[in-house]
Amino acid sequence: MTTTLTGSASVGNAIMRFGFLIVFLAFFVLFAAWNPVFLQGGNLSNIIEGSAVLMIVALGMTLIVATGGIDLSVGIALDFGAAFAVVAMKSYGMDWFGAMCAGLIGGSVVGIFNSVLVVGLGISPFLATLSTFFIGSSVQRIFTNGGGPISHRRMPEEFRNLALGDIYGIPTEAVVAFGLTVIYFLILERSIWGRRIHAMGMQRSAAIVAGIRVNRILITCYVVVGVTCAVGGLIAAANIRMFTPLSGFSYLLDAIAAVFIGAALHPRGRPNVPGTVLGVLFLGMVANGLNLMGLNFNTKDALQGIILVSALALAVAQQKMRRS
């Protein structure tokens with residue numbers, strides 16, 4: 001009897017410790033069994049391509065959360081990146097390279113504004129970036145006379161290749177997302193600067209006593225995140241040949257979810273790039289699988305929300321078990 005109870009407890013512990021991975025594989029098998037199209041190379045490629053922009057935004061969110069803050073304006077930085085690039089080409093006749101530079105400048109404006117609020121005025125990251133979100137949303141509505149899209153059907157082919165091109169057969173957007181993932185991994189997991197960021201996030205006062213220039217790092221992080229999200233905006237604009245106001249908001253909640261799923265999976269509970277990647281792929285897989293099931297819009301969104309909440313709860317439970 002005791003052996004049976006011990007064995008059951010061991011199985012239960014194993015399920016809890018590796019629960020999220022089990023859930024990930026379970027949904028993978030479920031979607032594959034429901035619709036054979038799910039396992040086809042073209043569909044798996046669609047999941048990766050469809051997750052590229054979210055991956056880019058989630059990487060930026062990972063960096064900010066690692067500092068102990070949060071950035072609710074990542075969608076605004078994405079929108080500004082797209083808007084600056086499209087307007088640069090359509091209204092000022094810039095070439096593709098100039099338009100890309102303009103887009104990155106648009107994202108950096110958001111990052112600089114956030115750093116002024118957080119570092120210069122001492123406003124909490126939550127309230128500061130929430131203010132940026134409201135201001136940025138209003139600016140977009142005013143500039144577009146109420147929120148109408150700005151299309152540019154004659155985009156240079158080089159710019160459009162950000163979303164529709166490929167590099168040695170691999171979609172360009174996937175290559176860009178992978179490249180940024182590697183860069184962020186090296187920064188956060190393998191550099192002195194990354195260690196200082198994690199030290200800030202875990203205990204800011206101790207980091208200051210240790211001589212870490214917290215404010216300088218925060219300024220740099222917000223600007224880097226703004227530019228990173230602007231890259232996602234460039235890809236989004238290239239994909240549909242237009243700028244759609246407030247479209248970046250759709251990435252905010254998923255980016256936060258991916259980061260916190262990844263953090264809960266880390267032994268120390270800290271934001272990390274591999275965990276964020278796993279979270280993004282999970283969200284992309286669920287969205288794709290539910291679409292293949294042919295569910296109506298409202299049902300799909302409800303199920304996606306339930307799955308996401310369950311995944312977060314399980315990941316948090318795993319984290320608590322590791323600490324116990």
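This is a short tour of one protein structure, stop by stop, for you to follow in your viewer. Please keep in mind that the model is predicted.

**Stop 1: the whole chain**

Start with everything shown as a cartoon. You will find 15 helices and four strands. The C-alpha trace spans about 80 × 55 × 40 Å along its principal axes. How does the radius of gyration agree with that of a compact globule? A compact globule of 324 residues would have a radius near 20 Å, and the protein has 21 Å, so the two agree.

Of the 324 residues, 47% count as buried. Among contacts between residues at least 6 apart in sequence, 77% join residues at least 24 apart.

**Stop 2: the nonpolar core**

Hide the surface and select Met 61, Phe 159 and Phe 282. These residues have the most contacts inside the largest nonpolar core, which has 85 residues. Colour helix 4 (residues 52-66) next: this helix gives the most to the core, with 13 residues. As background, nonpolar side chains tend to be buried together in soluble globular proteins.

Zoom in on Phe 159 and show what surrounds it. Leaving out residues up to four places away in sequence, Phe 159 touches Ala 85, Met 89, Trp 96, Ala 99, Met 100, Leu 234, Ala 237 and Ala 238.

**Stop 3: Thr 62**

Stay with helix 4, and select Thr 62, which lies in this helix. Is Thr 62 buried or exposed? Thr 62 is buried, with a relative accessible area of 0%. Beyond its neighbours within four places in sequence, Thr 62 is in contact with Leu 188, Val 259, Pro 271, Asn 272, Val 273 and Thr 276.

**Stop 4: the salt bridge**

How many salt bridges does the structure hold? There is one. Select Glu 189 and Arg 270, whose side chains meet in it at 3.5 Å, N to O. Glu 189 lies in helix 9 (residues 172-190) and Arg 270 in the loop between helix 13 and helix 14 (273-292), so the pair ties together parts that are 81 residues apart in sequence. Glu 189 is buried, at 16% relative accessible area.

**Stop 5**

Bring the surface back and select Ile 112, Val 116, Leu 121, Ile 123, Phe 126 and Leu 127. Together they make a nonpolar surface patch of about 540 Å². Helix 6 (96-120) and helix 7 (125-143) are the elements that give two or more residues to the patch. Ile 112 lies in helix 6 and is partly exposed, with a relative accessible area of 45%.

**Stop 6**

Most residues other than glycine have a negative phi. The last two selections have positive values.

- Asn 145 has a phi near 55 degrees. Look for Asn 145 in the loop between helix 7 and strand 1 (150-151), where the residue is exposed, with a relative accessible area of 75%.
- Leu 246 has a phi near 65 degrees. Find Leu 246 in the loop between strand 4 (242-243) and helix 13 (249-265); at 28% relative accessibility, Leu 246 counts as partly exposed.

Technical notes
Residues are numbered from 1 along each chain as its sequence is written. This is a predicted model: local features need pLDDT of at least 70, side-chain atom pairs count only at pLDDT 80 or more; totals for chains, interfaces and linings use all residues. Side-chain values use heavy atoms; hydrogens and water are left out. A nonpolar core is a set of buried Ala, Val, Leu, Ile, Met, Phe, Trp, Tyr and Cys residues joined through side-chain atoms within 4.5 Å. Buried means under 20% relative accessible area, exposed over 50%, partly exposed in between (1.4 Å probe, protein chains only). Contact means heavy atoms within 4.5 Å. Patches are made of residues with over 30% relative accessible area and no salt bridge: like charges are joined within 9 Å, nonpolar side chains (Val, Leu, Ile, Met, Phe, Trp, Tyr) within 5 Å. Accessible areas come from the Shrake-Rupley method with a 1.4 Å probe; for residues, only the protein chains shown count as cover. A salt bridge is a side-chain nitrogen of Lys or Arg within 4 Å of a carboxyl oxygen of Asp or Glu. The radius of gyration is taken over C-alpha atoms; the globule rule is 2.2 Å times the number of residues to the power 0.38.
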